[in-house]
Amino acid sequence: KKINNHFPENFMFGAGMCAAQAEGGFNEGGKGISIPDLHKAVSPDKRKEHCQLNERDIEAYMQDTNHDLYPKRKAIDFYHTYPEDLKLMAEMGLQCLRISIAWTRIFPKGDETKPNEAGLAYYDRLIDEIIKNGMQPIITIFHYDLPIYLVNQYGGWQNPKLVDFYVNYAKVLIERYHHKVKYWICINQINLLFFEMFPSLGVFKENCDNYQQVCYQSIHHQFLACAKVKQFAKSLQDSDLMIGTMLADCLAYPYSYREKDILLADQRNQLQLFYSDVQLRGSYPAYILNYFKEQGIKIVTSEAELRLIKENTMDFLALSYYYTFAVNADKDTLDPKTFTINPENKVNEWGWPADGKLMIHNLRTYYERYQCPLIIAECGIGELEQLDEQQHVHDPRRIDYYKECLMSLNDALKEGIDVKAFCAWSPIDLVSSGSGEMSKRYGFIYVDLDDHLQGSGKRYKKDSFNWYKEVIRTHGDSL
Ligand code: BG6
């Protein structure tokens, strides 16, 4: 029996990318330095680890003009190549493109009151070009690229002043682009603070007596910042405008039917859903207050702040979907860096297990809990790939993975789960966020650059390019 995989007409097939991993041009147009500009790539034997940045290295790395050591400074040069790259994406038929704005292009240090016009002019051109190519832009306001000045001068997000700096920045963007951009993601993967080794909060573990306390206080500041952005968006009275939060999907399932595995999975999931519970339901849930008490964590806040959060909940939930995993109480703990890989899942070079078929399961959890629109803001598979002699890249695993994900997503839509868009990560190979390698490739379009960013930089269509093009053309029928 032929399964009907046709997606609802208003559903958008797209792709997602971000500034720090694609643009390069790190010292052009008045841009300031951000954390990713100081990331060095890990070596291939350590590729399961993440780029690190220690506070003591910041000054030396900032002065270092050996830019090839810092892949995100040059990346794939999207800052210059976007007109050509967008044409290829339009050829694929992408209906939406998620990008992020580099905070340091708009506010080079982060605490200025007036924006850098050259930075805005770049995004004026980029956004217009995306629209001209038939794609709806989706914007992430902050995707891991905190201005380094806010780290050095203010200690990052633990400082409540960051709330105003961020809101000032976000207001400039929303005011300027809300007629062109409907969906805004305030902060990329707000829940990943204990997962990533690199400090996107601008907080250094070694400086903290109670690291969890500092991180949760920083997150509280991010909740306030997002609520203020929502409050501002409401004041524009643009009924189209949607302000959202984003989680990296890290829902765990129990490794076995043993109650200790089931209960550990529950607790792990609470610690992930806490962020969206606050931002979509409007208050700190009792389970997290209990956890804070147990861990000696005290959040500095006030009635007025809690009211602000309550009155300005987010409009949608964006998700990234890369891996699924189990927890085994014999070896895993509440630490999200511990997990157990289901032996039936395929694992890539970086140790990420991929299982597209479970997408519906996780979407059900979110939708049943929040009943709000969802967007798959990222979903993809990182692979080692090379051009063959005919200058082709065959990427069957990517096609298989996307097929599983999209079929599962379609089942979710049929069930009534309101997913607005699917953004594959990524339209084109980028520098990996975690490992800083170019060789962790995600794109439908291959970029001829190696880990030291040596190569022609030329773009080539992979097999998945034509595959996704056909999925989009038939709106899912070809799956
Ligand atoms: C998400 C990030 O966590 O995962 C992206 O939002 C990132 O920026 C993606 O690129 C894949 O991770 P990585 O480390 O393989 O690039």
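A: A residue is buried if 20 or more other C-beta atoms lie within 10 Å of its own, exposed if 12 or fewer, and partly exposed in between, with C-beta atoms placed from the backbone. Residues are numbered from 1 along each chain as its sequence is written. This is a predicted model: local features need pLDDT of at least 70, side-chain atom pairs count only at pLDDT 80 or more, and totals for chains, interfaces and linings use all residues.

Q: OK, why is Ile 341 classed the way it is?
A: Ile 341 has 17 other C-beta atoms within 10 Å, so it counts as partly exposed.

Q: And what does Ile 341 touch?
A: Leaving out residues up to four places away in sequence, Ile 341 touches Phe 325, Val 347 and Pro 353 (contact is C-beta atoms, placed from the backbone, within 7 Å).

Q: Switching topic: which residues of helix H15 are buried?
A: In H15 (residues 463-473), they're Ser 464, Phe 465, Trp 467, Tyr 468 and Val 471. They sit on the same side of H15, because they cover an arc of only 165° around the axis (the arc is that of the directions from the helix axis to the C-beta atoms).

Q: What do the buried residues of H15 pack against?
A: Among the partners are strand E1 (12-16), helix H4 (78-92) and helix H14 (396-414). Helices (H or I, at least four residues) and strands (E, at least two) are DSSP runs, numbered from the N terminus.

Q: What comes after H15?
A: His 475 follows H15, and its phi is positive, near 50°.

Q: Last one: what ipTM does the complex get?
A: The predictor gives an ipTM of 0.99, plus a pTM of 0.97.

Methods. Two residues are in contact if their C-beta atoms, placed from the backbone, lie within 7 Å.
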